[in-house]
Amino acid sequence: MIGRRQRNATQHNVDNNNYTLVVGATGATGKHVVLQLLQQKQHVRAIARSKQRLLDTLNEISPNDASEEYADFLTVTEAAVLDLSDEELENLCSGCDACVSCLGHNMTFQGVFGKPRRLVTDAAKRICHAIETNQSKEKDSKIQMVKFILMGSDGVANPNGQDEKRTFGERFLVFLLRYLIPPHRDNEAAAAYISGKTDNPNLEWTVIRPTDLIDGSVTKYELLPRPPGSLFGDGVATRSNVAKSMVDMILTQSLWDEWKFKMPVLHDLN
C-alpha cells in the first residue's frame, strides 16, 4: 500500500533540553507517552487531576521506580485542563517544543453523556490558543515552532476527504454515533478544528488515528495514510505503540516531516 510505513527501533534525535506538555497524562495512552518521554530523558509537563495517581501509574508500568528515577524531568500540574486559566495554560505551553493531547471521555454513563461534552475539542482549541498567544509575544526571528499531536480514532474520517469512501452501512453507523454518542461527535469536531489550522507556519500538527485499542507492551507498528479496511475493525493498536509513535514523531524530525498536517492511521504489526 502506498504510504505504508513500518516502525520499530527508531533513531531519535535526542535533545535533553526539549520540553513536552502532555494532557490526559493519567489516561490509558497518556501514561505511556509520559513514561516513554521520560525514558528518553525528555522534560515533561503533565496535566493530571492527581499527581500521586500519575506517579503510581508510572511505577506500575515501568520496570524501575519511574517516579524517583525521572523526578528531575517531570513536572505535574494538578488540574482539569479546562479548569486552568488562559494564563496558567500559556505558562505551561511556554517553552514547549511539543504538546500532546491524549484526552478522551471515560466510558461510563457520566463520562459519555455528562459534561464536558466537548472536552477533546475545547482542550485542543485552548492549547493551540495558548501556543499562539505565546508566539505572538516573541520576536519574529525567535518564534518557536511547536508540534501539536492529537490522539484520534480511525472511526473519525479525515476532513480532507482522502479516506476511502465508506459503505452505506458504515456511513449509517457513523451517523448514529455522531448524534447518539457525544464523544464521537467531540472527536470529529476536534479533528476538524486541528485540520483547519493552516494559517500559522509555526504551529504544526498531526492527528494519530489508532485502530481498535488494546493493552500490551511496545512492538512494531505501522502508519498508514488512511484506514486499511472496514470501519468495523481491521487490526488492533496497542496503546503503548500509539504512545511510541507520538514520541517517535516528537524526537525524529524526518518522521515528523513525513506525517505533519496529516492524519495517519496506526495499527500493530504481528
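Contact is taken here to mean heavy atoms within 4.5 Å. Helices (H or I, at least four residues) and strands (E, at least two) are DSSP runs, numbered from the N terminus. The structure is a predicted model, in which local features need pLDDT of at least 70 and side-chain atom pairs count only at pLDDT 80 or more, while totals for chains, interfaces and linings use all residues. Residues are numbered from 1 along each chain as its sequence is written, and side-chain values use heavy atoms, with hydrogens and water left out.

Two packed helices are described by the angle between their axes and the distance between the axes. Axes are lines fitted to C-alpha atoms, for helices over the stretch in contact, and angles run from 0 to 180 degrees between N-to-C directions. Angles under 35 degrees count as roughly parallel, over 145 as roughly antiparallel, 65 to 115 as roughly perpendicular and the rest as oblique.

Helix α1 (residues 30-39) and helix α9 (residues 239-251) have axes that come within 8 Å and cross at roughly 45°. This angle makes α1 oblique to α9. The crossing of the two helices, α1 and α9, is right-handed; a crossing is left-handed if the near helix is turned anticlockwise from the far one by less than a right angle, and right-handed if clockwise. On the α1 side the contact is formed by His32, Val33, Gln36 and Leu37, which meet Arg239, Ser240, Ala243, Lys244, Met246, Val247 and Ile250 of α9. Six nonpolar, three polar and two charged residues make up the contact of α1 with α9. In this classification Ala, Val, Leu, Ile, Met, Phe, Trp, Tyr, Cys and Pro count as nonpolar, Asp, Glu, Lys and Arg as charged, and the others, Gly among them, as polar.

Helix α1 also packs with helix α2 (residues 51-61), at an angle of about 70° and with the axes 10 Å apart. The helices α1 and α2 are therefore roughly perpendicular to each other. In this contact Lys31, His32, Val34, Leu35 and Leu38 of α1 meet Thr57, Leu58 and Ile61 of α2. Sorted by class, the residues of the contact of α1 with α2 are five nonpolar, two polar and one charged.

Helix α1 is mostly covered, with nine of its 10 residues buried. Buried means under 20% relative accessible area, exposed over 50%, and partly exposed in between (1.4 Å probe, protein chains only). The buried residues of α1 are Gly30, Lys31, His32, Val33, Val34, Leu35, Gln36, Leu37 and Leu38.

Backbone angles were examined next. Most residues other than glycine have a negative phi, and most peptide bonds are trans. Lys41, which follows α1, has a positive phi near 60°. Lys41 is placed in the loop between α1 and β3 (43-48), and at 33% relative accessibility this residue counts as partly exposed. Phe261, likewise not a glycine, has a positive phi of about 60°. The loop that holds Phe261 runs between α10 (253-259) and β11 (265-268). Phe261 is partly exposed, its relative accessible area being 38%.

Charged pairs complete the description. Side chains of opposite charge can pair when their charged atoms come close. A salt bridge is a side-chain nitrogen of Lys or Arg within 4 Å of a carboxyl oxygen of Asp or Glu. A search of the whole structure finds eight salt bridges. One of them joins Arg126 to Asp86, with the closest N and O atoms 2.9 Å apart. This pair links distant parts of the chain, since Arg126 lies in helix α6 (residues 119-136) and Asp86 in helix α4 (residues 86-93), 40 residues apart. Arg126 is buried at a relative accessible area of 18%, whereas Asp86 is partly exposed at 44%.

Glu90 and Lys137 also meet through their side chains in a salt bridge (3.7 Å, N to O). Here helix α4, which holds Glu90, is linked to the loop between α6 and β6 (146-151), which holds Lys137, the two residues being 47 residues apart. Glu90 counts as buried at 12% relative accessibility, and Lys137 is exposed at 60%.

A further salt bridge is formed by Glu204 and Lys260, whose closest N and O atoms are 3.3 Å apart. Glu204 is in strand β7 (residues 203-210) and Lys260 in the loop between α10 and β11, 56 residues apart. Glu204 is buried, with a relative accessible area of 9%, and Lys260 counts as partly exposed at 23%. Salt bridges with shared partners join Glu204, Asp257 and Lys260 into one network.
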